[in-house]
Protein chains: 2
Amino acid sequence: MISTRTPATLATAQRLELGDEYTLDAAAAVGNADLVILCAPVGAYAAIAETIGPHLKPGAIISDVGSTKQSVIRDIGPFVPDGVHFVPAHPMAGTEYSGPEAGFAELFQGRWALITPPAGTDEDSVEKIAEFWRRLGSMVEIMDAAHHDSVVAIVSHLPHLIAFTICGTADDLENQTRQQVLKFAASGFRDFTRIAASDPEMWRDVFINNREALLEMLARFSEDAQAMARAVRWGDTAYIENRIARGRVIRKSLIELNQA
Amino acid sequence: MISTRTPATLATAQRLELGDEYTLDAAAAVGNADLVILCAPVGAYAAIAETIGPHLKPGAIISDVGSTKQSVIRDIGPFVPDGVHFVPAHPMAGTEYSGPEAGFAELFQGRWALITPPAGTDEDSVEKIAEFWRRLGSMVEIMDAAHHDSVVAIVSHLPHLIAFTICGTADDLENQTRQQVLKFAASGFRDFTRIAASDPEMWRDVFINNREALLEMLARFSEDAQAMARAVRWGDTAYIENRIARGRVIRKSLIELNQA
């Protein structure tokens with residue numbers, strides 16, 4: 001059973017034959033479900049949880065795919081009835097596209113699915129969600145929600161914030177330069193625009209719901225960028241080379257870990 | 001005739017059969033050349049120009065492939081004898097790899113080659129360099145060196161500085177988080193590490209030799225990043241969505257211009 005927030009999305013899901021039944025009534029959708037997975041911008045979770053909470057079947061599992069996990073536990077947790085198992089999850093896969101048409105069968109293969117069960121979560125339910133993601137081809141790791149939020153702040157949320165920002169900076173340039181930026185976009189800038197093409201609503205919600213970790217990582221990054229600016233201004237070649245060399249080390253580690 | 005700064009690079013070029021003659025003596029290499037192209041980190045240009053300047057043949061053209069153009073004109077210009085034509089150029093192509101083994105036949109196809117001749121440069125010589133790059137498959141544009149430096153500061157130099165910086169920021173994290181960053185590098189961060197794997201000496205020289213334009217663009221970016229941080233902190237959803245939407249506009253323009 002597929003339930004969406006808008007008729008347009010539901011029609012698309014139906015055309016693509018993504019489910020066997022379709023409804024705009026989320027409460028009705030969950031009544032008979034053994035497993036409910038929320039897939040919406042994380043800012044919409046609280047309202048959805050409030051709507052569906054009373055209708056969840058005893059013994060059912062409720063999970064999600066959101067990129068922030070402390071906020072999800074905060075927003076969904078209070079609406080989960082006794083006897084329903086809440087297993088927050090984050091499949092780290094996706095492209096700059098969104099919506100039903102952006103999915104494809106191999107999306108989760110070889111990617112990590114992070115599961116962040118609150119203390120006391122039913123272990124059988126956690127294992128079922130782990131197995132669900134394994135069968136989609138993912139590698140699974142169980143971790144603390146706060147630690148999850150720190151890690152994704154630097155590997156995913158900050159890079160997205162930076163990509164959105166530099167595209168905005170370019171878009172603000174005087175007209176002639178802006179036109180030439182578009183014309184001569186070299187590989188560096190082009191890669192940033194790919195990231196920056198992601199869904200505004202989803203990322204707005206991610207940023208706001210991982211505020212503390214994101215601002216902490218952005219503050220560290222900003223300090224480092226200012227230190228680099230100072231080194232460029234004063235010609236501190238040793239500092240610049242050292243910082244560039246760090247990038248190569250990280251890249252080499254990623255290649256060794258088969259993540260590049 | 002190929003001349004390199006180190007015996008190791010010369011041996012590699014020779015093994016790959018990139019030229020017909022090979023020498024470590026740059027002055028000897030240029031004596032009989034109709035066209036000399038400097039391909040070294042731009043910080044090495046002044047010393048090379050001083051070495052080869054007196055040996056350049058009357059009527060010869062000297063060009064280059066450096067990513068900064070005002071500094072190249074400043075560093076090479078004084079050593080170009082009367083009757084030798086100096087045509088600075090910047091083929092906007094390349095990967096994160098460097099050295100003789102990183103080249104391939106299609107590298108310049110469909111990419112821009114920017115030519116920035118100082119006022120009064122011999123027009124026939126400019127056209128010869130333009131035709132050289134066209135025959136390698138590039139599109140050619142002639143522009144002012146200062147304008148070139150502004151445009152590449154935002155499309156290429158700033159994205160590289162940012163990528164180096166965020167990799168360094170990640171590398172500085174506490175050990176457990178750092179390990180997990182490597183383990184869970186999502187697409188956002190992974191794309192940054194590819195850029196960040198570039199040659200430290202080359203990029204150190206680019207940053208220092210395009211200092212003014214780079215610091216100007218970094219300052220604009222930093223202001224924008226701080227404004228985004230403030231919006232995240234205070235939950236200014238309209239601001240965040242607007243900035244994210246800008247990224248999509250830029251991306252769409254690139255796709256329309258066939259640069260994505």
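Visitor: Among contacts in chain A between residues at least 6 apart in sequence, what percentage join residues at least 24 apart?
Guide: This is a predicted model, in which local features need pLDDT of at least 70 and side-chain atom pairs pLDDT 80 or more, while totals for chains, interfaces and linings use all residues. Residues are numbered from 1 along each chain as its sequence is written, and chains are lettered from A in the order in which they are written. Two residues are in contact if their C-beta atoms, placed from the backbone, lie within 7 Å. For contacts in chain A between residues at least 6 apart, the share joining residues at least 24 apart is 71%.

Visitor: How far apart are the C-alpha centres of domain 1 and domain 2 of chain A?
Guide: The domain bounds come from an automatic or database domain assignment. In chain A it gives domain 1 (2-143) and domain 2 (148-256). The C-alpha centres of these two domains of chain A are separated by 30 Å.

Visitor: Which helix of chain B gives the largest share of the side that touches chain A?
Guide: Contact between the chains involves 76 residues of chain B and 76 residues of chain A. Helices here are DSSP runs (H or I, at least four residues), numbered from the N terminus. Several helices of chain B each supply at least two residues of that side, including helix 10 (211-234) and helix 11 (237-256). The largest share, 19 residues, comes from helix 6 of chain B.
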